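Have your viewer ready and follow along.

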Amino acid sequence: MGDSKQRSMPVVPWMRRPVDIQLFKDCPIGLVPCLDSRLEAALRQMSISSLFPVQIAVWQETIGPGSFERDLCINSPTGSGKTLAYALPIVQQLSTRKIRCLRALVVLPTRDLALQVKGVFDAIAPAVGLRVGLAIGQSSIEDEIANLIEKPKLGLGMSFDLEDFQMKLRSSVDILVATPGRLMDHVNTTKGFSLEHLCYLVVDETDRFLREEYQSWLSTVLHLSCSSQNMISDNTRTCAFSAIGSFRTICETKLKPLYLIALLQNLRGEKCIVFTSSMKRTRRLSTLLNFFEDLPFKISEFWGQQHQSVRRKTLEAFRKGEIDVLVSSDAMARGMDIEGVRNVINYDIAPYVKTYIHRAGRTARAGQLGRCFTLLRKGEVKRFKEMLQKAGENSCGVHSLPAASVEELHPSYDSALKKLKGEGDLESSKERHINVKSSRRSKRKKSDTSTRHSNSSRLMSSASCLGFNV
Ligand SMILES: Nc1ncnc2c1ncn2[C@@H]1O[C@H](COP(=O)(O)OP(=O)(O)OP(=O)(O)O)[C@@H](O)[C@H]1O
């Protein structure tokens, strides 16, 4: 495209003056201009002694001379501290509010991310008397409403007028962290839930929202919150490659599990996330690895369709170091922040450059160092190199594993595969049993078909998950 055409391309006003975060440096919190002393104390409690470049850049645009005058789009590497970059100015700005009402809304695509972000707000907002709520569908809607809406106290002898009562319903939180589905439930049905006082709207992981077609909630929120002037969104396209060592290991497909174990042994129990390409492969690989005897590290699994409480417990155990190796689908690739993850292993090559960046970004966070390994077939090397180039990573070392360390795992592999097959057979026979029962039941009651179909397909998928082809 020629220069003249480029110049005539429309650019939304808030994009006209980009701020280059690379021009900023860490700033000790004692030197951050106008930072509320109560927030400074809360940050110290979190062991934060300096603000990172992205945080100080956003601070300048909000509390500093920029005075929240324009909407912001934050784009900085994974693990660079974007959550606190938007949370801190919002909390500082709301710290002088007199009346409690919902003034800041943060929307995230998944419950796990929402819980993580709520944790950040919870660490600073109470210091200035602000309350943070959660609307993610983790509990029943009644429980959520009880936490989000304050009912007027009825005094003795007062008459009960329903309209009057509903008028007096108030928000019991100043800041709400939500996922779109549950947010819309509250917008549409919860009495007393209002966005009319909203000042700050944050859409985190924006590009993921747009790809997954959740947009309709956004127009509703923007329409209902006409006083919200600032939309801070987060749209990461890079990770801290300068802090990440990238390596590739070439192996035959059928020996991949052995190479993985040899690599994990090489890493001597350092915290690792192993990414596979799907939920099924995650389950299958994790089950297989757990059938190996005497591995000196604890392995667990994480995938999107797991029950929320299982995922929460797994993350907690991984954070605490009770799990060393987490086998995961890409449900873990975006935004999840686990302290101390030293290594990311791509058991399956990432499908897109962006996926590679987000996976790699689970390590080397908050200025730490990390490593990203990718297990590849010979035929995948060219594609992988092209992907790295597109990601802006020009150096990738070869990580070879001694043949003997792979060789010696063969006997355990054979016995683990046998157990995996046994598990697969058991699941298949359970599935056949259920299918017989369900077909008998279906003769009795045809209207129930859809539920039974979903049960049997769930079992079917778990049976095929445990097949041989790892
Ligand atoms: N100023 C700071 N000093 C020390 N640690 C910090 C600071 N700010 C944030 N952190 C820590 O850095 C880690 C990464 O922060 P965060 O999750 O906000 O990154 P992010 O930029 O949103 O990453 P991603 O793009 O992967 O979502 C967190 O563990 C957080 O506690």
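In which loop is Ser67 found? Ser67 is in the loop between helix 3 and strand 3, where helices (H or I, at least four residues) and strands (E, at least two) are DSSP runs numbered from the N terminus. Before going further, note that this is a predicted model, in which local features need pLDDT of at least 70 and side-chain atom pairs count only at pLDDT 80 or more, while totals for chains, interfaces and linings use all residues. Residues are numbered from 1 along each chain as its sequence is written, and side-chain values use heavy atoms, with hydrogens and water left out.

Most residues other than glycine have a negative phi. Ser67, however, has a positive phi near 45 degrees. Ser67 is partly exposed, with a relative accessible area of 40%; buried means under 20% relative accessible area, exposed over 50%, and partly exposed in between (1.4 Å probe, protein chains only). Arg268 also has a positive phi, about 50 degrees, although it is not a glycine. Arg268 lies in the loop between helix 11 (256-266) and strand 12 (272-275) and counts as exposed, at 72% relative accessibility.

## Aromatic pairs and charges over rings

The structure holds six aromatic pairs. Rings of Phe, Tyr and Trp (its six-membered ring) pair if their centres lie within 6.5 Å; planes under 30 degrees apart count as stacked, over 60 as edge-to-face and the rest as tilted. One of the pairs is Phe68 with Tyr200, which is tilted, at 4.7 Å centre to centre and 40 degrees between the planes. This pair links distant parts of the chain, 132 residues apart: Phe68 is in the loop between helix 3 (53-62) and strand 3 (72-74), and Tyr200 is in strand 9 (residues 200-203). Both Phe68 and Tyr200 are buried.

Phe241 and Tyr356 form a stacked pair, 6.3 Å centre to centre with 20 degrees between the planes. Phe241 lies in the loop between strand 10 (230-234) and strand 11 (244-250) and Tyr356 in helix 14 (residues 353-360), so the pair ties together parts 115 residues apart in sequence.

## The largest pocket

About 1400 Å³ of space lies in the largest pocket. On a 1 Å grid over the protein atoms alone, a pocket is an open set of points with protein on both sides within 12 Å along at least five of seven lines, and lining residues have an atom within 4 Å of a point. Grid points are joined across faces, edges and corners, and a volume is the space filled by probe spheres set on the points.

Of the 47 lining residues, the closest to the pocket centre are Gln116, Val120, Asp337, Arg365 and Ala366. Helix 5 gives the most to this lining, with six residues. By class, the lining has 17 nonpolar, 16 polar and 14 charged residues. Here Ala, Val, Leu, Ile, Met, Phe, Trp, Tyr, Cys and Pro count as nonpolar, Asp, Glu, Lys and Arg as charged, and the others, Gly among them, as polar.

Definitions and conventions:
On a 1 Å grid over the protein atoms alone, a cavity is a set of points where a 1.4 Å probe fits but cannot get out, and a pocket is an open set with protein on both sides within 12 Å along at least five of seven lines; lining residues have an atom within 4 Å of a point.
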